[in-house]
Amino acid sequence: KVAIVTGGAKGIGYETAKQLSRLGMRVIIAVNDERSGQESVKRIVQETGNQKVECMGLDLASLRSVRQFVQRFKAKNLPLHVLVNNAAVMLVPQSSTEDGFEEHFGVNYLGHFLLTYLLLDILRQSGKEDCNARVVTLSSTTHYVGELNLNDLQSRSCYSPHGAYAQSKLALVLFTYQLQQHLTAERSHITANAVDPGIVNTDLYRHTNWLFKLCKWLSAWLLFKTPAQGATTVVHAALAPELEGVGSCYLANGQKTNSSDVSYDAELQSQLWTLSCKLLSIPGTGGLTSQTSESIHPT
Ligand SMILES: NC(=O)c1ccc[n+]([C@@H]2O[C@H](COP(=O)([O-])OP(=O)(O)OC[C@H]3O[C@@H](n4cnc5c(N)ncnc54)[C@H](O)[C@@H]3O)[C@@H](O)[C@H]2O)c1
């Protein structure tokens, strides 16, 4: 079985890649820093004994890089059973990706949208009726306070790092539900779920202020999960037998739970999907059958 983990060189992504390797999967960690990626691969191989771990360059802040990554992956002629959309930036000062998108929206959301979209044909070929391919996308509790402004997705009128991060994490939940709707409609053997890893002690917090950093330093051992603990729900979403064929879930602490009310808004899911395809200059349904208007909501 083959998995791709974006941002797999450190933090939750690294631990996810390690746990998947330990379970015998062939793992490709997709990294924007190839040197630290190679070091992470070395460590995973040493610790798990699994030689089938490698890293490949991927900068989610560049749509060109996303396309090149997919081309290079396709050239390997490998199947793909698990795609973990893990990489992210948080609270970065206002900046833009290579393609002019606001950094959180571009890296966390649009980069992963395009990556998933371009890998769908391989996921389709790799998923089987009794063993679906899985797309696991990292969101966050922060999405509950996220607001999606369809008229200003790039936060041009008013930029707040917290607002931009929360928006990107809400967008990823909306994306997951809409993707599953397309996949169900076309009867492909792929499922899509979103995961909240909890509050985890990683470098993600490097752009927080000194007071937060001090509090984190004092209380991390008590209040924060370790990256390995944070990765458990991700691995659960990627491999758990009880999630076979199950999509459109929001998973936290290893369990299905409700995401924010707004994330179940079918109209918003569809509008965001259409707008994203426009921004990425890709066809609206991209080989997926046309969408239905039915809302995705947990039963
Ligand atoms: N740490 C937490 O408390 C927490 C809480 C909720 C959700 N999350 C989510 O978990 C995921 C992993 O975060 P983490 O805590 O391990 O953070 P981290 O900062 O340790 O790791 C983030 C990874 O993303 C990669 N990355 C950043 N920009 C990239 C780009 N342009 N292209 C490719 N890769 C890029 C980084 O290199 C790094 O490997 C993120 O999606 C984050 O939003 C984390």
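**Overall fold**

The protein chain contains eight helices and eight strands (DSSP runs numbered from the N terminus: H or I of at least four residues for helices, E of at least two for strands). Its radius of gyration, taken over C-alpha atoms, is 18 Å, close to the 19 Å from the globule rule for 299 residues, so the chain is as compact as a globular protein of that length; the rule is 2.2 Å times the number of residues to the power 0.38.

This is a predicted model, in which local features need pLDDT of at least 70 and side-chain atom pairs count only at pLDDT 80 or more, while totals for chains, interfaces and linings use all residues. Residues are numbered from 1 along each chain as its sequence is written.

**Packing**
- Along the principal axes, the C-alpha atoms occupy a box of roughly 45 × 45 × 40 Å.
- Of the 299 residues, 46% are buried (20 or more other C-beta atoms within 10 Å of the residue's own, with C-beta atoms placed from the backbone).

**Helices α5 and α8**
- The axes of α5 (residues 161–185) and α8 (residues 266–279) come within 9 Å and cross at roughly 95° (lines fitted to C-alpha atoms over the stretch in contact, with angles from 0 to 180 degrees between N-to-C directions).
- This makes α5 roughly perpendicular to α8, a term for angles of 65 to 115 degrees.

**Ligand shell**
- The ligand is surrounded by 26 residues, the closest being Gly 7, Gly 11, Ala 87, Ala 88 and Thr 202 (C-beta atom, placed from the backbone, within 6 Å).
- Helix α1 (residues 11–22) provides the largest share of this shell, three residues.

Definitions and conventions: Angles under 35 degrees count as roughly parallel, over 145 as roughly antiparallel, 65 to 115 as roughly perpendicular and the rest as oblique. A residue is buried if 20 or more other C-beta atoms lie within 10 Å of its own, exposed if 12 or fewer, and partly exposed in between; C-beta atoms are placed from the backbone.
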